[in-house]
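Me: I would like to go through this model with you and ask, for each label, what it rests on. Please set each value against its definition.

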Amino acid sequence: MDTKALISSEDIQLGIEAADWEDALKKAAAPLVAHDYIEPAYVEGMIQAVKDLGPYIVLAPGFALGHARPSGAVHCACASLTTLKTPVNFGSKQNDPVDIVMILAAVDDKSHVELLQKIVLFLNEKDSFDILRSAKSEQDIHAIVEAINGKE
């Protein structure tokens, strides 16, 4: 299995415009597709999962964690993070509109769980969503990367 840091500064985008929830998932996944960490088929799988199962990926107010089953369309365990300039609705009564979209991709169940653990640890930190929403600079991005990946 190819290994990389959970998230790198190239995987974070700030203030992106998205037309709707599908566009938000596509744009949030774009850095992972561009680096060939995932294939476009994985992005389509995420979108289809929401169409089939509803907005289960909207886990907290304003926050969606896009993901699909581990598959061959994932080349290495990876994640990306995007803040939206204008929030979009995913159809979640409790947690719409969404302005933070994280994409999680894993090659197998083990790496899926490991990635989720790191993300949950970060998101459970006090003020983590405020930190994401207020990020504007390259320095902010580096601080987020360090917070999510942990100091190793």
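Me: Which strands does helix H1 lie across, and at about what angle does it run to E4?

Reply: This is a predicted model, in which local features need pLDDT of at least 70 and side-chain atom pairs count only at pLDDT 80 or more, whereas totals for chains, interfaces and linings use all residues. Residues are numbered from 1 along each chain as its sequence is written, and side-chain values use heavy atoms, with hydrogens and water left out. Helix H1 (residues 21-34) lies across E1, strand E3 (63-66), E4 and E5, and runs at about 145 degrees to E4. Helices (H or I, at least four residues) and strands (E, at least two) are DSSP runs numbered from the N terminus; the angle, on a scale from 0 to 180 degrees, is taken between N-to-C directions of axes fitted to C-alpha atoms, for helices over the stretch in contact, and contact means heavy atoms within 4.5 Å.

Me: What makes E4 and E5 a pair, and where do they sit in the sheet?

Reply: Two strands pair if DSSP finds at least two bridges between them; seven bridges join E4 (residues 78-88) to E5 (residues 98-105), so they pair, and they run antiparallel. Val88 stands opposite Val98 in E5. The open sheet has five strands in the order E1-E4-E5-E3-E2, with mixed pairing, and its edge strands, E1 (12-16) and E2 (58-60), each pair on one side only.

Me: Why is Ser128 called buried?

Reply: Buried means under 20% relative accessible area, exposed over 50%, and partly exposed in between (1.4 Å probe, protein chains only). Ser128 has a relative accessible area of 1%, and therefore counts as buried. Ser128 lies in helix H4 (residues 128-134) and touches Phe122 and Leu123, not counting residues up to four places away in sequence.

Me: Is Leu115 buried or exposed, and what is it in contact with?

Reply: The relative accessibility of Leu115 is 6%, so it counts as buried. Leu115 lies in helix H3 (residues 109-123) and, leaving aside its neighbours within four places in sequence, is in contact with residues including Leu6, Cys78 and Leu104.

Me: What makes a set of residues a nonpolar core, and how many residues has the largest one?

Reply: The set must consist of buried Ala, Val, Leu, Ile, Met, Phe, Trp, Tyr and Cys residues joined through side-chain atoms within 4.5 Å. The largest such core has 29 residues, and Leu25, Ile38 and Phe90 are among those with the most contacts inside it. H1 gives the most to this core, with six residues.
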